[in-house]
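Here's a quick briefing to read alongside the model.

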Amino acid sequence: GGGAAGPWPWPEEATTVMLRNIPNRYTAEELLAEMIAAGFEGTFDFFYLPIDFKTKRNRGYSFINFLSAALAARFVQSFHNERLMRYATQKILEVSPAVTQGFQANIARYVRKDAQRIKNAWFRPMIFGGSEEGAGSTAAGEGREGEEEEEEEQ
């Protein structure tokens with residue numbers, strides 16, 4: 001399976017991808033479920049789907065850091081120029097190397113900045129430990145304030 005590889009040779013060091021053209025109805029949970037269904041469970045340690053808090057919809061792009069550049073390249077082959085399954089959509093995904101590369105750089109850029117002020121755990125940048133089963137995301141951020149969830153209208 002898999003679509004054509006991207007229009008560039010994948011850079012040897014690039015482990016962080018930017019996934020674009022995500023349908024705005026997708027939640028982090030739904031996007032992660034599609035990645036896991038495609039065989040990428042346990043292959044990444046950082047995942048962030050930025051959310052527009054006014055609309056509670058995603059902004060159409062996501063950042064994912066894989067454990068190796070080879071895994072990132074495999075993700076490109078699986079998702080670049082493809083459509084996501086859950087909603088009928090004309091949006092064709094684009095995968096490219098992210099500007100911010102690597103686990104530590106993404107933590108520094110997104111987690112420290114966003115985790116404290118975002119109450120809903122699904123809206124935060126997510127960190128995955130290698131050994132946990134399933135979506136073992138540890139709530140990023142040291143602060144304990146903001147533990148209570150905002151009530152969500154579904």
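A quick definition before we start: helices here are DSSP runs of H or I with at least four residues, numbered from the N terminus. Keep in mind that this is a predicted model. With that in hand, asparagine 81 comes after helix 2 and has a positive phi, near 65 degrees.

**Helix 2 and its buried side**

- Helix 2 spans residues 69-79, and its buried residues are Ala69, Leu71, Ala72, Phe75, Val76 and Phe79.
- Looking down the axis of helix 2, you'd see those buried residues fall within an arc of 160 degrees, so they line one face of the helix.
- What covers the buried residues of helix 2? The cover includes strand 1, helix 1, strand 5 (61-66) and strand 6 (94-97).

**Positive phi in loops**

- Most residues other than glycine have a negative phi, which makes the next two worth a look.
- Asparagine 21 isn't a glycine, yet its phi is positive, about 70 degrees. You'll find asparagine 21 in the loop between strand 1 (16-20) and helix 1 (28-37).
- Lysine 56 is another non-glycine residue with a positive phi, near 60 degrees. Its place is the loop between strand 3 (51-52) and strand 4 (57-58).

**How exposed are the loop residues?**

- Asparagine 21 has 32% relative accessibility, so it counts as partly exposed.
- Lysine 56 has a relative accessible area of 40%, so it is partly exposed too.

Methods:
Residues numbered from 1 in each chain as written. Predicted model: local features only at pLDDT ≥ 70, side-chain atom pairs only at ≥ 80, totals over all residues. Heavy atoms only, no water. Helix = DSSP H or I, 4+ residues; strand = E, 2+ residues; numbered from the N terminus. Buried < 20%, exposed > 50% of the residue type's maximum accessible area, 1.4 Å probe, protein only. Arc of directions from axis to C-beta. Contact = heavy atoms within 4.5 Å.
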